[in-house]
Amino acid sequence: MSILNRPFSIEPLTGVMLPDGIFDTAIFEQQITAYYTNNSGSILNDVDIYFEGVSDLGITVSPKTFNFPIIPSGASVKVSWLGNFQNASPGKKNVSIIAKSNAMELKREIKQIFVTRTSYDSTTQLYSCEVPEGTLQMRIVDVMSDKKHCKNNKKSPSILLPVKLEMTMMPNPGYEGQFGDLPFQDPWWKIFAWIVFALATIGAFIAAYFGEGKASVGVEGEFDETTGTVSCCSPSDGLSVPERITVAGVLSTIASAAIVVGCADDKDPWRRGQEATPVKPGEITLSENVIIHLTYLEAPSAGKAYPVEIDWNYTRITNLTSYQFHVHEIRNNIHTLKELIVDAPVSLKAFNDQFIIRSQFIKENNKAFKGNELHVFALIVSSTKVSFIVPLLDDGIQYDKYANDGVYTGCLEWRTVYAKYKQEEKDDSGIYGYWNVFIYAQDTNNATTDMDPLEAATHIGGMMIASASELTFDDTLPCPLKANATVLVTP
Amino acid sequence: MATKIEIYDGETWWASPDIWIVPGDDPNGTPGQPVAGQTNYVWANVHNNGTTDINGIRVNFYWSNPATGVLRSTSTLIGSGYVDLREGETKQVLCISPWVPIVVNGGHECLVAEALTNLDPLPTPLSDEFDPKRYHQIAQKNVQVISFSSSMASMIIPIQISATPRKRKSVKISIQKGKLSEKEQIKLFNQLGINPKKYKEQSNSVLFGLSEKNFTGKDFFGASSIDLKIHEKTSQSLYVHLGQSDKPQSGFEILLITETIDKKVVGGNTIIILKD
């Protein structure tokens, strides 16, 4: 068994993967999540998977053992452990994860995770995202926000769309030559802009959810200038706060990922700026500033090739002089989906029939995403607005028929439904009626450890490729939100 | 259901064969001696000798300055690992946090591993002494390898004696020749990256003694034992003096340094002297 890709961070309150799966100390609790793949060539029985350790004393992980009675050949099972990153130091960290079965020698997988440290200085209104290779400072100059939405309900999260950002990358140390190190020898610097912007919004509503006195996040910010409003079409009305937070997490990921779209996956403004501004021998680059201005030709949408008009200015400051480079262009989202297929029962009998949801995610080349390529979950909402988060997996286990066939399957257990109705003191009769199913999916970073850093940088994970929740610029128009499936639950 | 989680002591209890080092950047590499200033990984064997499966056993790894009795208050946590053990099972546990020994000790430090689980707990509160002889969940590896070639006339090796924060102690520190069974010797040598076939055990190839003085003098090897009074919260250095005997054969010799309080051995340090 082996872990093929870098383990990634899931924010536990929203269930959403953080940008590119990178961990940040500003969100104290995060799920260390990995896909463990059975590449033994045969079925494995009675497999235990547990977390052995992490190479940072500042990270504490809650131990937990996952037992899989069976793992089909080729299947990737998803495992995750809750970690506290508040006292972590930024850098690459090794994690050791053990798989063991009676028929298999103990397998120890040592993989690297990436940890950044983001903070906010309210005096200067600057965010800083620190990694060993340098620090990215960001000032959020202008955003579009859903001010109306959040005004009346403090616990209802605010969605922000980036418009103008001023960023300075300070390499550590200053470097000689045309090109500096990539952070972690992997992602582009633009990923850290995404991290900062996403944390600024997600952090704010996590803090609001937990309330004062319960330390949960280390970064919150303020935004004075807004040049427009954005609204959300989401199944949030009537939902309990945790599910609204999930939807907000999804929307914030979509909104903040516009930075990734505008700054392009093949080469980001820092790399293109470096290419366009060669330096003299012995000249030391001290900082690189990028100011971006995003104009939305249409609302960002998960899985769609929406265009973003971007204007950016790059300035390289050296020990001798400064150089500038300017670009104005239109970029399209390339993390797209051709088709989402959802298979759910038209009707079923409560406490009798299995509430199974199946989904397929078809790429532009007509091939389906499969196995460990996606992080997928469904939000299932009853007729009386009680909601449930159900993970969907393509591991060939339990409700999923075959591993890696591109069908992601999950089941809402009736005992879970019953327990939540009791917990929320709702009348059981509310179980009957029409239930809505909303599907959400993010891609995972499939860069491998043997890749050249410049190639690995072009592989980005955590982009929403499917979302039942959408952003819109005109809240006077009918909301285009549609459930991915509707199920009639009968007595 | 009986529960018993163990990390075994050695034949001399402070030289546990259940703790070992892998020097270098690859924790799955070959065991060997720690390299000062560079990355090393620490491993431990943990055994479930009870009659029930136990999950989530936490194994803490510590380093301490070369000493006889090792204290929590003078030790540093390297990192932790978790292990699940079924009844009767033994597993190797890796401390994935790398250990970089400080150069000042030439890379030698004392290592301690302890296994923590609610199902076989250590007493609360924990005493400052690790006391591996008393607790089956704790083991110590206090073994130092010294290359003492015949071209060297003498050598001094520092060790540290510490008192707990709240209690002064009167101790006797002694040095004597030691011996290992062939099985333990082979295991220990392999863990230290020493070819057991290359070295044969010798007797009287080195002269040795203890002193509070860190200088060498002609024919000065100190004493075979020293009585010390250590005040609470303080440490004192002692020095092992080595010299060549008139029979400088190649091979190895083992010296044992013991700390005794009221005739009870409370700590120790094993020195393997290699002579080429």
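Me: What is the bridge partner of Lys172(B) in strand 13 of chain B?
Reply: The partner is Asp227(B). This is a predicted model.

Me: What makes strand 11 and strand 13 of chain B a pair?
Reply: Pairing needs at least two bridges between the strands. Here 6 bridges join strand 11 (residues 169–178) to strand 13, and the two run antiparallel.

Me: Which sheet do they belong to?
Reply: An open sheet of 5 strands in chain B, in the order 9-16-15-11-13. The pairing is mixed.

Me: Why do strand 9 and strand 13 of chain B stand at the edges?
Reply: Strand 9 (143–147) and strand 13 (225–230) each have a single partner strand, so one side of each has no neighbour in the sheet. From one strand to the next, the twist averages 25°.

Me: How is chain B divided into domains?
Reply: Domain 1 covers 5–141 and domain 2 covers 146–275. Their C-alpha centres lie 22 Å apart.

Me: What makes residues of domain 1 and domain 2 of chain B count as in contact?
Reply: The C-beta atoms, placed from the backbone, must lie within 7 Å. By that test, 22 residues of domain 1 and 28 residues of domain 2 take part. The domain 1 side has 9 nonpolar, 10 polar and 3 charged residues.

Me: How many residues of chain B are in contact with chain A?
Reply: 17 residues of chain B, against 15 residues of chain A. Strand 4 (54–64), strand 5 (75–85) and strand 6 (90–99) of chain B each supply at least two residues of the chain B side. That side has 9 nonpolar, 6 polar and 2 charged residues.

How values were computed. Residues numbered from 1 in each chain as written. Chains lettered and ligands numbered in written order. Predicted model: local features only at pLDDT ≥ 70, side-chain atom pairs only at ≥ 80, totals over all residues. Domains from an automatic or database assignment. Contact = placed C-beta atoms within 7 Å. Nonpolar A, V, L, I, M, F, W, Y, C, P; charged D, E, K, R; others polar. Helix = DSSP H or I, 4+ residues; strand = E, 2+ residues; numbered from the N terminus. Axes fitted to C-alpha atoms, helices over the stretch in contact; angles between N-to-C directions.
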